[in-house]
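Subject: Structure handover

Hello,

Here is the structure you will be working with. Please open it beside this email, and the notes below will take you through what was found.

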Amino acid sequence: MTEFSRRLVRRCWLSAVQNPLQVISFPALQLHVSGTAMRASQEDFENAMNQVKLLKKDPGNEVKLKLYALYKQETARQNYVDLVSSLTSSSKSSSQAKPGADRERQGYENLVVTSEDGITKIMLNRPIKKNAISTQMYHEIMLALKTASKDDSTITVLTGNGDYYCSGNDLTNFTDIPAGGVEEKAKNSALMLRDFVGCFIDFPKPLIAVVNGPAVGIGVTTLGLFDVVYASDKATFHTPFGHLGLSPEGCSSYTFPKIMGPAKAAEMLIFGKKLTAREACAQGLVTEVFPDSIFQKEVWTRLKAYSKLPPNAMRVSKQVIRNTEKEKLHAVNAEECRVLRERWMSDECINAAMNFLSRRAKL
């Protein structure tokens, strides 16, 4: 303790002895000392001193100075006990999870979002529709990602409920035509898609895809923006843009050639070749493939271990790996959305969508 602190403590102690009813003033705290303060027993006082030693969080120099002052005052044991009690209560409450922190987050109709063991899990939850992404679902996923980027989780996981990971864009989205017609619909959809993909580009934490089944379209193309992709051996990867009169999205026109080479990327993005999980792994799109029977157990055991790693170190490492390409990825995303806006208004795309909806109506 500094000479100034000793003098201050001595001055407060002398003041308290001369006038027990006086308020002892310290910055941000006032402790009343009176004759009734002696109600703290010797046992309480000793217990409080022991609790100080067990505090996990340093209470700071100001509080420690107050404790020292009270400790020196024989008439202020109760104040000491009360102050230590407030510190230990605060320490316990801060070390425990907030109510509901490990529960399902509300406010989503098409997602199940949970946070537990340092992992935020975003589960696509339209199993009857094979987790096809509706317009509302696009907005919900964006909200979930933005929330996860700011919560206290260490890593974030995206997966699907049911047999499918994601069957891509819900083509019924095209039937919701606003008053401005197809052109306005295309414009709005392009803006939404650009913002959607931008959330993946800018996501600051480790982002992991747990591909539990077949993936189609946007469910495949965005995988190039994940940090790790784990897949069940029942998963497949399909980008049938040519069949639908469309063009690549999700930055795949840049990430896929970089990941698997131009020729393999062209087979997928131009000709719509469907890959098995093993093929996708061999080409670098998938990190590791697991037998479906042990997929969930093996993957989540690994993810829980990852979640215990230092979070700031992982964030910084991701920044070092990704930041040099962020500007490029945003430029690619903007260009892909511009081209898609034109494709959505083309006869090829409209006819393909109508044919698909017509076939589905006959089922």
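In which helix does Ser252 lie? Ser252 lies in helix H8, which covers residues 252–260. Before going further, please keep in mind that this is a predicted model.

Ser252 is buried, because its relative accessible area is 0% and the cut-off for buried is under 20%. Setting aside neighbours within four places in sequence, Ser252 is in contact with Thr221, Pro257, Leu269 and Glu336.

Now the chain as a whole. The chain has 363 residues, and 44% of them are buried. Its secondary structure consists of 13 helices and 12 strands. Among contacts with a separation of 6 or more, 72% are between residues 24 or more positions apart.

In soluble globular proteins, nonpolar side chains tend to be buried together. The largest nonpolar core here has 61 residues, and Val211 and Phe237 touch the most other members. Helix H6 gives this core its largest share, nine residues. There is also a second, separate core of 13 residues, including Val157, Ile208, Tyr230 and Phe295.

Helix H6 also packs against another helix. The axes of H6 (residues 181–202) and H12 (residues 311–344) come within 9 Å and cross at roughly 160°. H6 is therefore roughly antiparallel to H12, since an angle over 145 degrees counts as such. The crossing of the two helices is right-handed. On the H6 side, the residues making the contact include Val182, Ala186, Leu193, Val197 and Ile201. On the H12 side, they include Leu329, Ala334, Cys337, Leu340 and Trp344. Sorted by class, the contact has 11 nonpolar, four polar and five charged residues.

One more residue to look at is Gly162. Where does Gly162 lie? Gly162 lies in the loop between strand E6 (155–160) and H6. Apart from neighbours within four places in sequence, Gly162 is in contact with Pro127 and Asn212. Gly162 and Asn125 are 37 residues apart in sequence, and their C-alpha atoms are 8.0 Å apart in space.

Regards

Methods. Residues are numbered from 1 along each chain as its sequence is written. This is a predicted model: local features need pLDDT of at least 70, side-chain atom pairs count only at pLDDT 80 or more; totals for chains, interfaces and linings use all residues. Side-chain values use heavy atoms; hydrogens and water are left out. Axes are lines fitted to C-alpha atoms, for helices over the stretch in contact, and angles run from 0 to 180 degrees between N-to-C directions. Helices (H or I, at least four residues) and strands (E, at least two) are DSSP runs, numbered from the N terminus. Angles under 35 degrees count as roughly parallel, over 145 as roughly antiparallel, 65 to 115 as roughly perpendicular and the rest as oblique. A crossing is left-handed if the near helix is turned anticlockwise from the far one by less than a right angle, and right-handed if clockwise. Contact means heavy atoms within 4.5 Å. Ala, Val, Leu, Ile, Met, Phe, Trp, Tyr, Cys and Pro count as nonpolar, Asp, Glu, Lys and Arg as charged, and the others, Gly among them, as polar. A nonpolar core is a set of buried Ala, Val, Leu, Ile, Met, Phe, Trp, Tyr and Cys residues joined through side-chain atoms within 4.5 Å. Buried means under 20% relative accessible area, exposed over 50%, partly exposed in between (1.4 Å probe, protein chains only).
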